[in-house]
Amino acid sequence: MSARLTPLDASFLHVETPNAHMHVAWAAALTPHGQRPRPTVRALRGAVSGRLALLPRFRQRIAADPLGVADPRWVDDAGFDIRRHVVRMGGAGEVLSAHRFAELCDDVLSKPLPRDHPLWAIHLAPELEDGRVGLLCKLHHAMVDGKSAVEVAMLLFDVDRDALPAEAAEWTPAPEPSQARLTLDALDARVRE
């Protein structure tokens, strides 16, 4: 069975409200590499997919036991789809002003991450009016803290300008535990405390 959230990480789920979301995020306007094609959502999906083997939590979702007697577990998301997590900001072909990029960032940050899928998202604005690329990365605090969010960014994006893109590794999710299994495991964890 997969790992249980730590009490601290689980607390970030418990204290979240419709108006107080427990995600950490960063936004940036980046200058694209002069000798490479302009970043696209498709290319970003490929780059992120190539590194997911290094970040197994990014393909896992929260699974709580039906009785709520123990902290939730991380389980593989059998329906994981990179297209749900790496998305375009703005309409197709839309060049965003700095003001519009900020508005879209505010909109993304004003919504909680859905709990039925892995708790992260990357939004790409392929072209800003000044020629840069807009990027917003949002991760739930149950997955990362501020320091590890920076480490995740360094893992997902190349620091070395000559780095080659990683190839996506084959991945088969572990079978999802049944509600009965989650309940029994939670009761067992409670008895052992």
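Q: Are Phe 58 and Trp 120 buried or exposed?
A: In this predicted model, Phe 58 and Trp 120 are both buried.

Q: How many aromatic pairs does the structure hold?
A: The structure holds one aromatic pair. Phe 58 and Trp 120 form this pair, which is tilted, with 4.9 Å from centre to centre and 35° between the planes.

Q: Why those two values?
A: A pair of aromatic rings is described by the distance of the centres and the angle of the planes.

Q: And where in the chain do Phe 58 and Trp 120 lie?
A: Phe 58 is in the loop between α2 (41-49) and β2 (60-63), while Trp 120 is in strand β5. The two are 62 residues apart, and the pair links distant parts of the chain.

Q: New topic: how much space lies in the second largest pocket?
A: That pocket has about 250 Å³ of space. Its lining has two or more residues from each of α3 (82-85), β4 (86-88), α4 (98-109) and β5 (120-125).

Q: Which residues lie nearest the centre of the second largest pocket?
A: Of the 19 lining residues, Val 87, Val 108, Ala 121, His 123 and Lys 138 lie nearest the centre. By class, the lining has ten nonpolar, five charged and four polar residues.

Q: Now His 21: why is it called buried?
A: His 21 has a relative accessible area of 17%, and buried means under 20%.

Q: What does the side chain of His 21 reach?
A: The His 21 side chain reaches the backbone oxygen of Pro 18 at 2.9 Å. Beyond its neighbours within four places in sequence, His 21 is in contact with Glu 16, Leu 109, Ser 110, Lys 111 and Pro 112.

Note on methods
Residues are numbered from 1 along each chain as its sequence is written. This is a predicted model: local features need pLDDT of at least 70, side-chain atom pairs count only at pLDDT 80 or more; totals for chains, interfaces and linings use all residues. Side-chain values use heavy atoms; hydrogens and water are left out. Buried means under 20% relative accessible area, exposed over 50%, partly exposed in between (1.4 Å probe, protein chains only). A polar contact is a pair of N or O atoms within 3.5 Å; within protein, one must be able to donate a hydrogen and the other to accept it, and residues adjacent in sequence count only if both atoms are side-chain atoms. Contact means heavy atoms within 4.5 Å. On a 1 Å grid over the protein atoms alone, a cavity is a set of points where a 1.4 Å probe fits but cannot get out, and a pocket is an open set with protein on both sides within 12 Å along at least five of seven lines; lining residues have an atom within 4 Å of a point. Grid points are joined across faces, edges and corners, and a volume is the space filled by probe spheres set on the points. Helices (H or I, at least four residues) and strands (E, at least two) are DSSP runs, numbered from the N terminus. Ala, Val, Leu, Ile, Met, Phe, Trp, Tyr, Cys and Pro count as nonpolar, Asp, Glu, Lys and Arg as charged, and the others, Gly among them, as polar. Rings of Phe, Tyr and Trp (its six-membered ring) pair if their centres lie within 6.5 Å; planes under 30 degrees apart count as stacked, over 60 as edge-to-face and the rest as tilted.
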